[in-house]
Amino acid sequence: MQQGVFRAFLITIGRKTGKSHSVQLRAVSYNDMVYFSRRNKNSDWLKNALENERVKVDFDGHTHEGVASLVTDEVLAKKISRLKYPGEERASEVRIVLQVKLTN
């Protein structure tokens, strides 16, 4: 996977419904991981991924299975923001970052 920013669908399992939940997001590929971020924790996709780490990421016509976790390294989180929003003011915002290790 090439490093960079792209659009992807993050597919989670609903923490309340148990049903598949898909949302299209701006993603960052960096060091063999896929990253998604938010300004706060108030999103269903983030809450779902934290509740059930088994997720799918759909991009380039392929669906990949993965394992999601929260990024706790502030330096890495800032790096992901700069990659996601190059040259934009929001690149310096503190963000909640979810990383996905693709397993296939």
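Colleague: Is Asn-31 buried or exposed?

Modeller: Asn-31 is exposed, at a relative accessible area of 54%; buried means under 20%, exposed over 50% and partly exposed in between, with a 1.4 Å probe and protein chains only. This is a predicted model, where local features need pLDDT of at least 70, side-chain atom pairs count only at pLDDT 80 or more, and totals for chains, interfaces and linings use all residues. Residues are numbered from 1 along each chain as its sequence is written, and side-chain values use heavy atoms, with hydrogens and water left out.

Colleague: Where does Asn-31 lie?

Modeller: In the loop between strand 2 (20-30) and strand 3 (33-38). Strands (E, at least two residues) and helices (H or I, at least four) are DSSP runs, numbered from the N terminus. Asn-31 has a positive phi, near 50°, and is not a glycine.

Colleague: And what is phi of Asp-32?

Modeller: Near 65°, again a positive value in a residue other than glycine. Asp-32 lies in the loop between strand 2 and strand 3 and counts as exposed at 61% relative accessibility.

Colleague: Changing topic: which residues of strand 4 are on the covered face?

Modeller: Val-55, Val-57 and Phe-59 are, while Arg-54, Lys-56 and Asp-58 make up the uncovered face of strand 4 (residues 54-59). In a regular strand, side chains alternate between the two faces of the sheet.

Colleague: How many bridges join strand 1 to strand 4?

Modeller: Three, and strand 1 (residues 4-13) runs antiparallel to strand 4; two strands pair if DSSP finds at least two bridges between them. Leu-10 has Val-57 as its bridge partner in strand 4.

Colleague: What about strand 4 and strand 5?

Modeller: They pair in the antiparallel sense over six bridges, strand 5 being residues 62-70. Asp-58 stands opposite Thr-63 in strand 5. The two strands form a hairpin with two residues between them, and Asp-60 in the turn has a positive phi of about 50°.

Colleague: Pockets next. What volume has the largest pocket?

Modeller: About 200 Å³. On a 1 Å grid over the protein atoms alone, a pocket is an open set of points where a 1.4 Å probe fits, with protein on both sides within 12 Å along at least five of seven lines; lining residues have an atom within 4 Å of a point. Grid points are joined across faces, edges and corners, and the volume is the space filled by probe spheres set on them.

Colleague: Which element supplies the largest share of that lining?

Modeller: Helix 2, with four residues.
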